[in-house]
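Me: I am new to this structure and would like a friendly tour of it. Could we look at it together, one step at a time?

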Amino acid sequence: MDQAILVGLSYIETTEETINSLNELEHLALALNIQTKDKVVQNAKAISPRFYIGSGKVLEIKKMIEVLDVDIVIFDDTLSPAQIKNLEKELDVQVIDRSFLILSIFAERAQSREAVLEVSLAQKMYLLPRLVGMGNSLSRQGGGSFNAKGPGETKLELDRRRLSHEITIIKAELEKIRAEKDISRKQRIKNQLPVVALVGYTNAGKSSLMNSLSSYLHHDSEPVLEKDMLFATLDTKAKRLQKPNYPPFILIDTVGFVNKLPHELVRSFETTLSDVISADLLLHVVDGAYFNQLQIDTTKAVLKSLNADSIERLLVLTKKEIALTTPNIHEDFIFVSNRTKENIDVLVDAIYGHLYKKNRIQVLLIPFDQGQVYNRLKENNTVLETKYENDGTLVKVILTPDQTILYQKYIVK
Ligand SMILES: Nc1nc2c(ncn2[C@@H]2O[C@H](COP(=O)(O)OP(=O)(O)OP(=O)(O)O)[C@@H](O)[C@H]2O)c(=O)[nH]1
Ligand SMILES: [Mg+2]
């Protein structure tokens, strides 16, 4: 196990916020088998362009490194290439920042071709402006903690041009995957099933909630992975769920967010997150037992950066059975337990309530030679009444706004 010192600067943040953020950084480090030996907080009125922290603090850390026998120093904020270079020279150990750490965790967790490519793209975009500074870190990639997938093969002599070239190739390959994905999305649009996406902080209980909803709605598919681990889910999983006698909807589970998520990651995960952007309803999942308002704010900020902040959102708190109190939040929420399944039924009703809100009862006349249209309605919608007329089947049915457009030509005024 590598040993690390964590460093945070209280500049815009309060000291308490910096300490909380360092505690989270400790968990992130642990996800890569790096043990935290000590944490250093500096309260500063300015950021030093040379070392990020003050030079006195640098000397203090240098002493700590010797005493504690530490191999890595991790900074909680993004460092400039020059700062990394200066710090490594001064401290003579590997110096990394939070973004690099998160990227490395993603690299280790990525499984599907798409996720591997997305992470690799993010890592290369992160490295591109840092080729000068990261010499030390890169050259250690043969051993150390960061020989995971991703730019592991990246050598010190790697130049900008090669990196840019690789970025172009990865983008093209992702484009191909995106095109294939588009086909399955078009398929979904053809059926016009509403999409509900799970979003929220990592480890909040999104995948567990997907499993709870699936089993409550008697969906007998493989459960998705739920684990007490940061970034357990990196790939999107979709399931078609349906309450008996109600129309189906698509539920999507996807990657979680974290405070100070590298923007390179958000950008390269656009393909994966495109499902979130096109959802009809977001279930914003929040850990209700270890409640932290910052986690709600972080998720909202990421959604905003994805232009998904205008999508309807339902706040869902998890882990009710182990929560000591009910968190004080200034918006409505449903408090569920994925263990005891308490309030999962309430959540399902709320989901349908939201999806139905814009739905309207329509009367359609479907010619007899277009039986497949009627069958599709029977399968995907609530059909209230069916009558056989001379010129076709008269159907009274509940349609979503999208379906109303799709079936426009059959609608009887
Ligand atoms: N006690 C309790 N534990 C829960 C509940 N919901 C989830 N958990 C636990 O919380 C941990 C994280 O759950 P996940 O469902 O994997 O969380 P996630 O939001 O999908 O996390 P990422 O995929 O990493 O973003 C797991 O250990 C779950 O067993 C709950 O209602 N009660
Ligand atoms: Mg998950």
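Me: Which residues of H4 are buried?
Reply: Welcome! This is a predicted model, where local features need pLDDT of at least 70, side-chain atom pairs count only at pLDDT 80 or more, and totals for chains, interfaces and linings use all residues. Residues are numbered from 1 along each chain as its sequence is written, while chains are lettered from A and ligands numbered from 1 in the order in which they are written. A residue is buried if 20 or more other C-beta atoms lie within 10 Å of its own, exposed if 12 or fewer, and partly exposed in between, with C-beta atoms placed from the backbone. In H4 the buried ones are Arg98, Ser99, Phe100, Leu101, Ile102, Leu103, Ser104, Ile105, Phe106, Ala107 and Arg109.

Me: What covers the buried residues of H4?
Reply: Helices (H or I, at least four residues) and strands (E, at least two) are DSSP runs, numbered from the N terminus. H4 is mostly covered, with 11 of its 12 residues buried. Contact here asks for C-beta atoms, placed from the backbone, within 7 Å of each other. The cover includes H1, strand E3 (72-75), strand E4 (94-97), H5 and helix H9 (263-268).

Me: How far does H4 reach from its first C-alpha to its last?
Reply: The expected span of a helix is 1.5 Å times one less than its number of residues. H4 has 12 residues, and 16 Å is expected. Its reach is close to that, at 17 Å.

Me: Which element gives the most to the side of domain 1 that touches domain 2?
Reply: The domain bounds, from an automatic or database domain assignment, are domain 1 (2-109), domain 2 (193-356) and domain 3 (359-410). The contact takes 12 residues from domain 1 and 10 residues from domain 2. Helix H1 (15-30) and helix H4 (98-109) each give two or more residues to the domain 1 side. With 7 residues, the element that gives the most is H4.

Me: Which residues have the most contacts inside the largest nonpolar core?
Reply: A nonpolar core is a set of buried Ala, Val, Leu, Ile, Met, Phe, Trp, Tyr and Cys residues joined through C-beta atoms within 7 Å. The largest has 80 residues, and helix H5 (residues 113-127) gives the most to it, with 8 residues. This core draws at least three residues from each of domain 1 and domain 2. Those with the most contacts inside it are Ile74 and Phe106.

Me: What does phenylalanine 106 touch?
Reply: Residues up to four places away in sequence are not counted here. That leaves Val119, Phe231, Leu234 and Leu265.

Me: Which residues come nearest to ligand 1?
Reply: A residue is near a molecule if its C-beta atom, placed from the backbone, lies within 6 Å of it. There are 23 residues around ligand 1, and helix H8 (residues 206-216) gives the most to this shell, with 3 residues. Those that come nearest are Gly205, Ser208, Asp228, Thr233 and Gly256.

Me: How many residues of the shell around ligand 1 are charged?
Reply: Ala, Val, Leu, Ile, Met, Phe, Trp, Tyr, Cys and Pro count as nonpolar, Asp, Glu, Lys and Arg as charged, and the others, Gly among them, as polar. The shell has 5 nonpolar and 11 polar residues. Its charged residues number 7.

Me: How many residues of H8 are buried?
Reply: H8 is mostly covered, and its cover includes strand E5 (195-200) and helix H12 (344-357). Ser208 is one of its buried residues. Of the 11 residues in H8, the buried ones number 8.

Technical notes. Contact = placed C-beta atoms within 7 Å.
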